[in-house]
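User: I have a protein model open and would like to go through it. Could you help me read it?

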Amino acid sequence: MTLIATQSLTKTYGNQVTALSDLTVTVEPGIVGLVGANGAGKSTFIKIMLGLLGPTSGQARVLGLDPTVDGHEVRTRVGYMPEHDCLPPDLSAAEFVTHMGRMSGLPRTIARERASETLRHVGLYEERYRQIGGYSTGMKQRVKLAQALVHDPDLLLLDEPTNGLDPAGRDAMLALIERIGTEFGISVLVCSHLLGEVERICDALVAIEGGRLLRSAQLSDMTTVTEVLSIEVSEGTEELAARLTEAGLSVRADGQLLLVPLLDDATYDLILTAVAELDLPLHRLDQRRHRVAELFATEPTQPAEPAEPSQPAEPAAAGTTREGLQ
Ligand SMILES: Nc1ncnc2c1ncn2[C@@H]1O[C@H](COP(=O)(O)OP(=O)(O)OP(=O)(O)O)[C@@H](O)[C@H]1O
């Protein structure tokens with residue numbers, strides 16, 4: 001079942017700011033990244049899906065429901081982790097998550113049990129009776145995740161879940177989201193301006209820019225194999241580069257890697273012969289895959305609808321990363 005489907009969705013704030021513009025997209029089950037620079041329209045998108053904001057024009061369906069009409073039902077089936085800190089400092093995590101469970105319609109005892117269970121899933125079981133005000137940023141993010149999970153939703157909407165976390169905290173949060181998606185079978189839409197981060201855990205990506213759809217695809221379709229061989233030796237990289245150039249190959253260095261166009265099978269033979277003759281420890285020799293960020297860096301914008309001749313879509317600057325999307 002399609003989780004989210006929008007048709008020409010547009011949202012303007014006070015006739016001045018266009019946060020979403022003619023956005024037509026579908027989100028299928030799995031872990032899906034909604035990526036875009038700050039201000040691209042991700043939070044607006046989520047709030048419309050939850051029925052917290054109405055669109056200016058266009059339609060949205062979430063789990064087959066229209067959030068402008070069935071907002072309450074949508075919110076009972078969807079968990080939401082907001083971007084900003086919204087936690088009461090003088091309540092314990094157990095009290096707060098139980099309260100949120102009650103707000104979602106769970107009976108008192110069930111809400112208490114589910115709160116303990118979800119706090120265990122997010123790794124806060126031992127700390128659950130401490131006041132939230134004394135928690136670290138990472139712990140607060142986990143409380144926000146627990147309250148989104150407490151009513152056992154079919155879909156989680158997470159707005160910048162790694163905000164404010166250090167690298168280890170980010171890794172832990174991403175691992176937790178991945179586990180929720182794979183082990184619990186709950187679909188997740190993760191909003192982030194950090195493309196390199198979400199691509200690690202997502203099955204599919206939806207990229208938006210200035211409220212418009214940039215690209216929507218399965219991750220596997222985005223990481224296509226290229227006609228370039230990537231070579232890594234533990235030592236003697238420069239020596240090998242020189243030898244391959246002598247052999248007539250066009251060699252490009254990329255950090256510790258050497259990149260060589262794959263012309264035919266003879267290219268493999270030339271490389272293996274050079275490595276053997278120089279007696280170098282070969283660490284890796286494989287066909288390079290595009291990284292997702294490279295695709296965003298070099299491909300022109302694909303408008304959702306054909307652009308008006310008078311208003312051509314602006315291509316992305318070749319060879320640069322999109323501003324703010326890291
Ligand atoms: N309540 C509002 N009133 C006016 N403009 C708004 C409002 N909320 C958002 N905007 C504007 O709409 C645009 C999209 O904002 P939105 O918060 O949806 O983007 P975002 O991708 O979630 O970015 P961020 O991660 O920085 O929140 C921005 O230009 C923002 O300034």
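This is a predicted model: local features need pLDDT of at least 70, side-chain atom pairs count only at pLDDT 80 or more; totals for chains, interfaces and linings use all residues.

User: Which domains is the protein divided into?

Analyst: There is domain 1, covering 4-221, and domain 2, covering 225-289. Their centres, taken over C-alpha atoms, are separated by 44 Å.

User: Now the sheet. In what order do the six strands come?

Analyst: The order is S5-S6-S7-S3-S8-S9, in an open sheet with mixed pairing. Strand S5 (78-81) and strand S9 (212-218) are the edge strands, each pairing on one side only. On average, neighbouring strands are turned by 15 degrees against each other, direction ignored.

User: And S6 with S7: parallel or antiparallel?

Analyst: Strand S6 (residues 155-159) pairs with strand S7 (residues 187-192) in the parallel sense, over five bridges. Leucine 158 stands opposite valine 190 in S7.

User: Which strands does helix H1 touch?

Analyst: Helix H1 (residues 42-49) packs on the sheet and touches strand S3 (31-35), S6, S7 and strand S8 (204-209). The direction of H1 makes about 150 degrees with that of S6. Helix H5 (residues 137-149) also packs on the sheet, where it touches S5 and S6.

User: Changing topic: which residues come nearest to the ligand?

Analyst: Of the 13 residues around the ligand, the nearest are Tyr13, Ala19, Asn38, Ser43 and Thr44.

User: What supplies the largest share of that shell?

Analyst: Helix H1 does, with three residues. Strand S2 (17-27) supplies at least two.

Technical notes. Residues are numbered from 1 along each chain as its sequence is written. Two strands pair if DSSP finds at least two bridges between them. Helices (H or I, at least four residues) and strands (E, at least two) are DSSP runs, numbered from the N terminus. Axes are lines fitted to C-alpha atoms, for helices over the stretch in contact, and angles run from 0 to 180 degrees between N-to-C directions. Two residues are in contact if their C-beta atoms, placed from the backbone, lie within 7 Å. Domain bounds come from an automatic or database domain assignment. A residue is near a molecule or strand if its C-beta atom, placed from the backbone, lies within 6 Å of it.
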